Amino acid sequence: LLPAVDPGPQGHAHARRPDQQDHRRAVGDSAVPPVQTGALQVQRAVPRQAPSGHLEAVNQRLPNAAICLFSNGAALTEKTLRRLAKVRNVTYLVISLNECEPGPYQALMKIPLARTLDRVDILHRLKAAGEFPHKVIINRVMDGTAADHEFDRWGRARYPAFEITVSVRKD
């Protein structure tokens, strides 16, 4: 997204994560060329009009924009997923799950794993039935332990309709 790159204090560009205001500014600017918009996160309780209402506006005003979505999965209700399924030009939806064991997951995320997996299971059912057309990636940030391999094995067994990735931390 164009507003997501700011010149640094010495004129060097450095990236920052685009926020909702950046997205609204770009969507409202009819002079913006086709762009890829990303980092719209669905992490908490989702207001009625967002994210799909916002994404519908992106589809209308920036019809060539490629949309990348990121979520921890906990807020993805069936209703929200069905609305997201109608959004055009979604490149992928990444679910940052990071743990497949209840104890470590709850320690990290502060919510029960079972609740999140119920939501991800709904997404998998929709995807397997052909009712969610977008690519779905379940991701774990690598920590170099045996848990990385276990997450990959577990994810492929539980969610065969999704891509499972273990990524290197980028911070």
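**Close-up views of a predicted model**

Ring pairs join Phe151, Trp154, Tyr159 and Phe162 into a cluster, where the rings of Phe, Tyr and Trp (its six-membered ring) pair if their centres lie within 6.5 Å, and planes under 30 degrees apart count as stacked, over 60 as edge-to-face and the rest as tilted. This is a predicted model, in which local features need pLDDT of at least 70 and side-chain atom pairs count only at pLDDT 80 or more, whereas totals for chains, interfaces and linings use all residues. Residues are numbered from 1 along each chain as its sequence is written, and side-chain values use heavy atoms, with hydrogens and water left out.

View 1. The structure holds 4 aromatic pairs. In one of them, the rings of Phe151 and Trp154 have centres 5.8 Å apart and planes at 40°, so this pair is tilted. Phe151 and Trp154 both belong to helix α6, 3 residues apart, which is about one turn of the helix; helices (H or I, at least four residues) and strands (E, at least two) are DSSP runs, numbered from the N terminus. The rings of Trp154 and Tyr159 also have their centres 5.8 Å apart, but with planes at 85°, so that pair is edge-to-face. Both Phe151 and Trp154 are buried, as are both Trp154 and Tyr159, where buried means under 20% relative accessible area, exposed over 50% and partly exposed in between (1.4 Å probe, protein chains only).

**View 2. Helix α5 and what covers it.** Helix α5 runs over residues 113–128, and at 1.5 Å a residue its 16 residues should span 22 Å, which agrees with the 22 Å between its end C-alpha atoms; the expected span is 1.5 Å times one less than the number of residues. Its buried residues are Leu113, Thr116, Leu117, Val120, Leu123, His124, Leu126 and Lys127. The elements covering these buried residues include α3 (78–85), β5 (90–96), α4 (102–109), β6 (136–141) and α6 (146–158). After α5 comes Gly130, which has a positive phi near 80°.

**View 3. The largest nonpolar core.** Among the 32 residues of the largest nonpolar core, Ile95, Leu123, Phe132, Ile138 and Phe162 touch the most other members; such a core is a set of buried Ala, Val, Leu, Ile, Met, Phe, Trp, Tyr and Cys residues joined through side-chain atoms within 4.5 Å. At least two residues of this core are supplied by each of α2 (52–61), β4 (66–71), α3, β5, α5, β6 and α6, and the largest share, 5 residues, comes from α5. Once its neighbours within four places in sequence are left aside, Phe132 is in contact (heavy atoms within 4.5 Å) with Leu81, Leu84, Ala85, Leu93, Leu123, Leu126 and Lys127.

**View 4. Salt bridges within and between elements.** A search of the whole structure finds 10 salt bridges, each being a side-chain nitrogen of Lys or Arg within 4 Å of a carboxyl oxygen of Asp or Glu. The side chains of Arg140 and Glu99 form one of them (3.4 Å, N to O); Arg140 lies in strand β6 and Glu99 in the loop between β5 and α4, so the pair ties together parts that are 41 residues apart in sequence. Arg140 and Glu99 are both buried. Asp121 forms a salt bridge with Arg158, with the closest N and O atoms 2.8 Å apart, and because Asp121 lies in helix α5 and Arg158 in helix α6, this pair ties together parts that are 37 residues apart in sequence. Asp121 is partly exposed at 28% relative accessibility, and Arg158 is partly exposed with a relative accessible area of 33%. Within helix α6, Glu150 and Arg153 are 3 residues apart, about one turn of the helix, and they form a salt bridge whose closest N and O atoms are 2.5 Å apart. A network of salt bridges links Glu78, Arg82, Arg125 and Glu131.

**View 5. Two asparagines with positive phi.** Most residues other than glycine have a negative phi. Asn89, in the loop between α3 and β5, has a positive phi of about 65° although it is not a glycine, and Asn89 is partly exposed, with a relative accessible area of 35%. Asn98, in the loop between β5 and α4, has a positive phi of about 70°, and Asn98 is buried, with a relative accessible area of 15%.
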